[in-house]
Amino acid sequence: MDRSSEIGVVGLAVMGQNLALNFARNGFRVCVYNRTPERTEAFLRDRVRGEPIVPAYTIEEFARCLERPRRILLMVQAGPAVDQVIEALLPHLEPGDLVMDGGNSHYADTERRMQWLADRGIRFLGVGISGGEKGALLGPSIMPGGSPEAYAMVEAMLTRIAAQSEEGPCCAYMGRGGAGHYVKMVHNAIEYAFMQGIAEVYDFMKTALGMPTEAIAETFERWNEGTLNAFLTELAARVLRYRDPETGDPLVERILDKAEQKGTGRWAAQSALELGVPTPTLTVAVLARTLSHFKADRERIGAAFPWPDRRTPSSPEAALSDLEAALNLVVLAAFSQGLWLLHEASRAYRYGTDRAEVLRVWRAGCIIRARWLGFLREVVREDPEDPHLLFSARFRAELQARLSAAGRILREAFEAGVPMPALSTAADYVLSMRRSQLPANLIQAQRDAFGAHTYERLDRPGVFHTEWLD
Ligand code: NBP
């Protein structure tokens with residue numbers, strides 16, 4: 001088996017197993033290694049059915065079984081495990097070999113590892129992979145970043161195992177340095193916002209409209225036929241339809257209302273703050289998950305803070321139509337903010353990311369795949385250098401058509417005590433970005449009054465300070 005495998009996969013949890021099978025089913029010879037040998041044995045016994053996959057039980061054996069230059073994909077837990085695996089691999093690698101990290105690593109860690117390995121002549125790619133376990137097996141969306149030479153070593157393999165859309169394989173070079181993991185992080189931030197938007201309209205249907213879970217599922221199914229056609233819309237409907245085998249009730253209604261997170265949404269919010277890019281809808285989706293954790297506090301406060309929690313709007317049919325428009329607004333605002341963040345990050349970190357290519361790669365295979373992506377790509381291509389989708393007349397028209405509906409929903413939601421942070425921030429984002437004059441003049445005057453921070457004037461150039469309190 002020496003030197004015969006075209007690709008090596010380290011880490012055989014769900015993602016690694018399915019990617020190894022995906023490579024093998026596309027005709028590539030694969031060598032697999034996992035720290036705990038029992039997992040490798042179970043994989044070969046339970047899942048490998050004649051595919052060209054060979055196991056290695058030591059790192060030495062693993063390095064030996066790969067064609068030179070080696071191509072290795074790490075699918076281990078993000079964080080210190082990636083460094084530990086690289087440490088273990090290093091003595092067995094040679095200049096020219098390529099290591100890819102396919103996990104959800106932080107883009108700054110990816111840049112550090114890239115430098116670390118470059119000093120030893122070894123190439124490194126940070127590869128964002130989306131699609132969950134099913135996507136990994138049947139065709140994920142793949143976002144590789146690093147040097148173009150490193151990408152050229154695996155382009156044919158990655159584009160072969162990726163999801164295929166009418167616009168080509170859902171894998172493309174995302175740019176230099178940590179671009180691949182940065183793009184995946186923004187993907188996840190948009191995913192958080194989309195899911196938060198879905199959760200809010202579900203809450204509105206349940207609380208303000210009093211709809212049973214089945215009817216809410218049916219509504220998502222109907223919306224999935226239109227502009228909201230998306231993996232997450234369909235998934236919401238399917239999850240809402242699922243009945244608990246034990247009780248016969250919709251399982252979702254038996255699930256504790258605390259949402260978990262693994263970090264990519266928070267990293268995106270942190271990066272946006274560092275770069276000075278406003279991404280309110282992406283950020284509030286992270287905060288909403290954090291707030292959900294304070295269940296006991298919410299129960300205590302809620303008991304002492306009465307508010308009408310059920311109020312059917314005068315026309316439930318009209319409310320549903322407005323709600324569909326409102327969710328579209330959340331989705332469009334989330335993409336708009338995410339793409340602005342990508343534009344600024346690409347400029348600040350010199351990634352050279354082509355956002356039209358990003359949108360093409362998100363077209364299929366990934367969690368945020370949605371009908372809107374084709375339109376968004378056309379908008380970005382109108383002028384790829386524009387940071388904002390909001391500069392596009394076509395994009396503005398889509399928002400304008402939905403903003404009033406969002407306002408009506410927000411008024412009803414307030415009356416019914418339904419918090420809608422993603423929708424509120426989406427509407428606020430559009431309203432703020434269309435205002436040539438914001439009240440920041442008063443903030444600046446106060447800053448100057450208490451801290452002599454100075455201000456600029458509208459009517460003449462220069463920097464001014466006033467003794468406001470004399
Ligand atoms: P996990 O994130 O659960 O990681 C488990 C794997 O990491 C096992 O193979 C484990 O080996 C290995 N590992 C750990 Br933990 N510490 C290690 C160490 N110090 N040295 C060597 N190996 C170590 O697996 P996953 O859910 O398949 O995800 C893999 C990566 O892909 C993660 O970064 C994840 O965020 C990302 N991702 C996951 C999904 C998804 O849907 N799950 C989607 C997209 C991306 P062991 O068997 O010896 O414990």
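The questions and answers that follow treat the ligand site, then helices, then backbone geometry and distances.

Me: On what basis are the values given?
Reply: This is a predicted model, in which local features need pLDDT of at least 70 and side-chain atom pairs count only at pLDDT 80 or more, while totals for chains, interfaces and linings use all residues. Side-chain values use heavy atoms, with hydrogens and water left out, and residues are numbered from 1 along each chain as its sequence is written.

Me: Which residues come nearest to the ligand?
Reply: A residue is near a molecule if one of its heavy atoms lies within 4 Å of it. The shell around the ligand holds 21 residues. Those that come nearest are N34, R35, T36, R39 and Q84.

Me: Which helix gives the largest share of the shell around the ligand?
Reply: Helices here are DSSP runs (H or I, at least four residues), and strands are runs of E with at least two, both numbered from the N terminus. Helices α1 (14-25) and α4 (80-89) each supply at least two residues of the shell. The largest share is three residues, and it comes from α4.

Me: How many residues of the shell around the ligand are charged?
Reply: Asp, Glu, Lys and Arg count as charged; Ala, Val, Leu, Ile, Met, Phe, Trp, Tyr, Cys and Pro count as nonpolar; the others, Gly among them, count as polar. The shell has ten nonpolar and eight polar residues. The number of charged residues is three.

Me: Where does α7 bend?
Reply: Helix α7 (residues 148-161) has 14 residues and spans 19 Å from its first C-alpha to its last, close to the expected 20 Å. The expected span is 1.5 Å times one less than the number of residues. A bend is the angle between axes fitted to the seven residues ending at a residue and the seven starting there. In α7 this angle is about 55°, at V154.

Me: Which residues of α5 are buried?
Reply: Buried means under 20% relative accessible area, exposed over 50%, and partly exposed in between (1.4 Å probe, protein chains only). Helix α5 (residues 107-118) has twelve residues and reaches 16 Å between its end C-alpha atoms, close to the 16 Å expected. Its buried residues are Y107, T110, R113, M114, W116 and L117.

Me: What is the omega of the peptide bond from R68 to P69?
Reply: P69 is placed in the loop between α3 (59-64) and β4 (71-74). The bond from R68 to P69 is cis, with omega near -10°.

Me: What is the phi of A452, and what is that of T454?
Reply: Both A452 and T454 are found in the segment after α19 (440-451). A452 counts as partly exposed because its relative accessibility is 44%, and T454 is likewise partly exposed, at 27%. Neither residue is a glycine, yet phi is positive: about 50° for A452 and near 65° for T454.

Me: Is C366 buried or exposed?
Reply: C366 lies in the loop between α15 (355-361) and α16 (372-382). The relative accessible area of C366 is 0%, so C366 is buried.

Me: What distance separates the C-alpha atoms of F43 and A422?
Reply: F43 belongs to helix α2 (residues 37-46). At 1% relative accessibility, F43 counts as buried. F43 and A422 are 379 residues apart along the chain, and their C-alpha atoms are separated by 41 Å.

Me: How far apart in space are G352 and E324?
Reply: G352 is placed in the loop between α14 (316-349) and α15. With a relative accessible area of 52%, G352 is exposed. G352 and E324 are 28 residues apart in sequence, and their C-alpha to C-alpha distance is 36 Å.
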